[in-house]
Amino acid sequence: MKQRGLTIISQINKEKVAPLDALLRSIGDDVAKQTQIPFGNVPVLHFASWVIFNDGAPGPQLIFESNFDGTAAEFLQQLSQQARNGLDQIYSHCSDYRAGSNSKSICEYLQAHVVNTDTFYVSCGGCTLSQILHDNQLRERIEGFLGELPVPNDAETVRRKIQEFVSNDPTLAWSRQPADPYTFLQRLRVRDVVILSCIVAILFGPLAFGWKSWGWWLVVLLVGLAGLYLILRRKEATDPSISDIPVEDAQPAPAVVERLASRENRRPQNHLFSITTVKPGIFRFSLLKVVLALIEFLGRMLYYKGSLGKIPSIHFARWTIIDDGKYLLFLSNFDGSWEHYLGEFIDQAASGLTAVWSNSVNFPRTWNLIEGGAMDEQRFKDYARGMQLYTQLWYSAYPFLSVVNIENNAAIRAGLWGPMDPEGLNAWLRRF
Amino acid sequence: MLETRDIQGLVLSGYAKHRFAAFTFLTIRDGVEVEGWLAKLSERITGAENFDRHRTTSINIAFTYQGLVRLRLGSSTLLTFPLEFIEGMSNGARAQLLGDDPDTWLWGKPDHRIHVLLMLFATDARTLSELLGSERRAQQGLLDEVLVINSETFPFSPDSKLNREHFGFVDGLSQPDIAGYRPERYGANGPGNIIKPGEFILGYGNEYFGQLTASPHLRPPDTDPGAILRGNDLGRNGTYLVVRQMEQDVPGFWNMIRAQCARADGTPEPLAEEALAAKVIGRWRDGTPVAVSPDHNGGDPRSLNDFGFAGDPHGDKCPLGAHMRRANPREMLLADKQESITTVKRHRMVRRGRPYGPLIADRYTPDGHARGLVFATLNANIERQFEFLQQAWISSPNFAGLYDEADPMLGGRTQNPGGFTLPKCPIRQRRSGVLPHVTVKGGAYFFMPGLAGLRYMGASSLR
């Protein structure tokens, strides 16, 4: 089944920002124990967060991030049924909220405030929450069994004993079925076909008027692209940038970072919420749209098996342009610390994220869209910290599983039954 | 080229011949001026230029952020220090990151009064106590001792050049080679261990494409009329020193290992104990890496650091979660060896730790003495080096694809399940109850200035 993510934005009543902040923090302080929002009762929800964006042009806004299985309508329905009172409590701080504690009208309210998500990324594509939890349970049960297994003699026997153990446990009967496949068609979007057709039409359409006119058309296109490239290079040379100030003066104020960090590293996973200002003008806006669409496409079609490029630690992430093109919102649910995450960004994926964030005001100086930028290690981190905002309330359905763990669990299940050559068998047993 | 004339000696030497040391943590009295003391002291500080082989003592100095405030550096200048240094090791969020519980510490809690760390080294106990005495006289009326940790190093065996820590293992084998500094002394394990100086000393290019690591500068820049500093760079040739007092429960550790290995009837299995302890650490007690020699000790003492994990991808020899593999994954952090090396080089540190407390007579029998390691490492970027290492490798439950383990020697975050996986063919062995027996008793971040920086700080007329 496919994973989706909703971004829901509501205006907060100006006087109610502080109480809402306090409310969200109180729920978020111990999200596993609180009862206002029974996240665990929504069996499709992987990660969620409520955060406040206070300083935007349209006034204070409440942003609700969700990452779930199945359709948006079903998710919102389940959530509003399970968390009616909590949602009512939260959204009563918003200026246009009138729903009351009626789950149907809450659901409609949320639905009405969904905004577009430009780039939604899921690392374990097709893995539903129930599959992730089940697969982990399977591994834990087998681990327990292996703990009691007397000194094993050979690989074949070990696997056979594991199979016998699982067969004898009716609560693990589901593991005989392979996990649902995540097919090419599920990954494909109608949009891909449309865009691809448009590109083909633009490139080759003028062929209809003969070879010669097509040749001219290509020349026009190339000149146009060269023009755009020159505009980009010029902007890159002249846009104001954090790289213009000495590195020792680039770090954000200590109090700001201290507040952000106070929310981090309470579990092995962390959350990152950041808002940057998109550089003004149609050029940067359009470029950003194109880059985000491209990353969305690549993420969906290529990087759905546990890592984005070479980064194996992002569960769900999204970029989206909000407030009529003014800001770029980034939300990420990742394994490990902030420093580790940012390090991985720079070491493994600098060009991709430079292509995105170079369209934001004050980003480290870039060349040719993807060069420089995040490679300016310290100022990039200073920039990222400076643009990060406080996460009031954040939920993870499996806070102790890393992406690598999830992929490993899935491979354990996938290799439990059926024929296996000796090499594959050894590799499979290495997964425990 | 390193400006060795301006670098404190400890950065480039572990002073192996100075077997005795005193870490003296000092507080500056309220309302006194210590610039005069500092100016004189700076002349006694051991520099890295032309070490006198026959000298019997060394002195080095470092400051906490609170110490710099007390020395009345300008507030804008202070803000050019990195945030983690300003906040300090016991800051709430940093403790959370490091997996520490500063409430239980003996020193270094957020309200600590430690300003200066004066490190004294000497060839013998008497020389050290004379040195300590003369430094105390110089401090009289100006500074008070908050804490003194005395240290004596112990040779692994009577004729060995290598030192041991309290659990009994050779320590301090893995050190980075600094690019461009005394290449004739590089180890044999190749370019992966040669690290750009900017990783350890401010003012030089680092492992991110030779960029300069952020160094504190004078703000406003015209507060150095005597032009003591070069280009207002207060940090130049300085670095950051991370100190942690790590208490080691030696009987606790060895009795835990004994219980893990004992036969069903309780009879101890000494050979199995040595083997399991070696797996936990990643080396046999004599320093032989288990990744090279999984079944026995006795490796060549000259090449104990010249190895990698490429021949042991699954951890059959050296478990993936062994202390040494977490502390330095070498070329096996990522799927690609070259990328691993590039990444690992961005998280290395120079280690200058020393043991404290007496050696234990019998490793299984408690004797009531406190003992451990004064962990002391040098790095130019605390957040990217020490803190990263501690969080992402040492204490991460998910390191190397594991599920819920932490460093079996140092432990990890608050709840440690004590799991330890020993990969094997056909199937791994998993132990539980491999609990850490090292407890952090205190710690702080220090700025260790270059000698010009130190002279600037001691030049009271400038403020």
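Axes are lines fitted to C-alpha atoms, for helices over the stretch in contact, and angles run from 0 to 180 degrees between N-to-C directions. On that basis, helix 13 of chain A runs at about 90 degrees to strand 6 (269–277) of chain A, lying across this strand and strand 11 of chain A. The model is predicted, so local features need pLDDT of at least 70 and side-chain atom pairs count only at pLDDT 80 or more, while totals for chains, interfaces and linings use all residues. Residues are numbered from 1 along each chain as its sequence is written, and chains are lettered from A and ligands numbered from 1 in the order in which they are written. Helices (H or I, at least four residues) and strands (E, at least two) are DSSP runs, numbered from the N terminus.

**Domains of chain A**

- An automatic or database domain assignment supplies the domain bounds.
- Chain A has domain 1 (1–115), domain 2 (138–179 + 409–429) and domain 3 (180–386).
- Between the C-alpha centres of domain 1 and domain 2 of chain A the distance is 41 Å.

**Sheet 4-1-3-2-12 of chain A**

- Strands count as paired if DSSP finds at least two bridges between them.
- Five strands form an open sheet in the order 4-1-3-2-12, with antiparallel pairing.
- Strand 4 and strand 12 (393–396) of chain A are at the edges with a single partner strand each, so one side of each has no neighbour in the sheet.
- Strand 1 of chain A is joined to strand 3 (residues 61–69) of chain A by nine bridges, antiparallel, and A:Ile8 is opposite A:Phe64 of strand 3.
- Two bridges link strand 1 of chain A to strand 4 (residues 114–115) of chain A, also in the antiparallel sense, with A:Thr7 partnered by A:Val115.

**Helix 3 of chain A**

- A residue is buried if 20 or more other C-beta atoms lie within 10 Å of its own, exposed if 12 or fewer, and partly exposed in between, with C-beta atoms placed from the backbone.
- In helix 3 (residues 84–91) of chain A, the buried residues are A:Leu87, A:Ile90 and A:Tyr91.
- Seen down the axis of helix 3 of chain A, these residues fall within an arc of 85 degrees (taken from the directions from the helix axis to the C-beta atoms), so they line one face of the helix.
- Their cover includes strand 1 (3–11), helix 1 (17–29), strand 2 (45–53), helix 2 (72–82) and helix 4 (103–112) of chain A.

**Sheet 5-7-8-6-11 of chain A**

- Another open sheet of five strands has the order 5-7-8-6-11, with antiparallel pairing.
- Its edge strands, each pairing on one side only, are strand 5 (119–122) and strand 11 (388–389) of chain A.
- Four bridges hold strand 5 of chain A antiparallel to strand 7 (residues 314–322) of chain A, and A:Tyr121 has A:Ala317 as bridge partner.

**Contact between chains A and B**

- Two residues are in contact if their C-beta atoms, placed from the backbone, lie within 7 Å.
- Chain A brings 39 residues into contact with 36 residues of chain B.
- Ala, Val, Leu, Ile, Met, Phe, Trp, Tyr, Cys and Pro count as nonpolar, Asp, Glu, Lys and Arg as charged, and the others, Gly among them, as polar.
- The side of chain A that touches chain B has 15 nonpolar, 13 polar and eleven charged residues.

**Domains of chain B**

- Chain B is made up of domain 1 (4–157 + 204–244 + 445–462) and domain 2 (249–442).
- Their centres, taken over C-alpha atoms, are 30 Å apart.
- The contact involves 33 residues of domain 1 and 30 residues of domain 2 of chain B.
- Strand 10 of chain B gives the largest share of the domain 1 side, six residues.
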